[in-house]
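Please keep the structure in view while reading.

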Amino acid sequence: MILVHQFFQAPVPRHVAGQEGLNHHPPFSRDGRQYQLATNNGPNHLHGGPQGIDKRIWNAREDQRPQGSAVTFRYLSPDGEEGYPGNLQIDVTYLLTDDDDLQIDYVATTDRPTVLNLTHH
């Protein structure tokens, strides 16, 4: 029997517990300002909130590289989405090498101080 969890194979959004002393309980402060994050597990903010980036539509672009085949997914998380400050552009590239290795690369840029700790389940 295979159990499927809703976050398997999904990029995990802007914040995970433990980053910079943050936990699952919003709000948090950045540059003297307090931000209230959306909650989705009682008072908790898990996996980026109820409408985290794992539930968004991303743009995709295929790419052939010297090491193998790649696809890059891009998403722009607007300022205020799920309570986070700053516009955040995220590129996640999955590269399947000619040696059958899977490489996942993240690149993100923002226009304001924010919290960010991208990972993958």
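This is a predicted model: local features need pLDDT of at least 70, side-chain atom pairs count only at pLDDT 80 or more; totals for chains, interfaces and linings use all residues.

Q: How many salt bridges does the structure hold?
A: A salt bridge needs a side-chain nitrogen of Lys or Arg within 4 Å of a carboxyl oxygen of Asp or Glu. By that criterion, the number of salt bridges in the structure is 6.

Q: How far apart in sequence are the parts that the pair of E81 and R56 ties together?
A: E81 forms a salt bridge with R56, and their closest N and O atoms are 3.3 Å apart. E81 lies in the loop between β5 and β6, whereas R56 lies in the loop between β3 (33-35) and β4 (59-65), so the parts tied together are separated in sequence by 25 residues.

Q: Is E81 buried or exposed?
A: Buried means under 20% relative accessible area. Because the relative accessible area of E81 is 12%, this residue counts as buried.

Q: Which side chain does a polar contact of 2.6 Å join to that of S77?
A: S77 has its place in strand β5 (residues 68-77), and with a relative accessible area of 1% this serine is buried. The polar contact of 2.6 Å runs from the side chain of S77 to that of E81.

Q: Which residues form a negative surface patch?
A: One member, D101, is placed in the loop between β6 (88-97) and β7 (102-110), and at 46% relative accessibility D101 counts as partly exposed. The negative surface patch is formed by D98, D99, D100 and D101.

Methods. Residues are numbered from 1 along each chain as its sequence is written. Side-chain values use heavy atoms; hydrogens and water are left out. Patches are made of residues with over 30% relative accessible area and no salt bridge: like charges are joined within 9 Å, nonpolar side chains (Val, Leu, Ile, Met, Phe, Trp, Tyr) within 5 Å. Accessible areas come from the Shrake-Rupley method with a 1.4 Å probe; for residues, only the protein chains shown count as cover. Lys and Arg count as positive and Asp and Glu as negative; His and the chain ends are not counted. The place of a charge is taken as NZ of Lys, CZ of Arg, CG of Asp or CD of Glu. Helices (H or I, at least four residues) and strands (E, at least two) are DSSP runs, numbered from the N terminus. Buried means under 20% relative accessible area, exposed over 50%, partly exposed in between (1.4 Å probe, protein chains only). A polar contact is a pair of N or O atoms within 3.5 Å; within protein, one must be able to donate a hydrogen and the other to accept it, and residues adjacent in sequence count only if both atoms are side-chain atoms.
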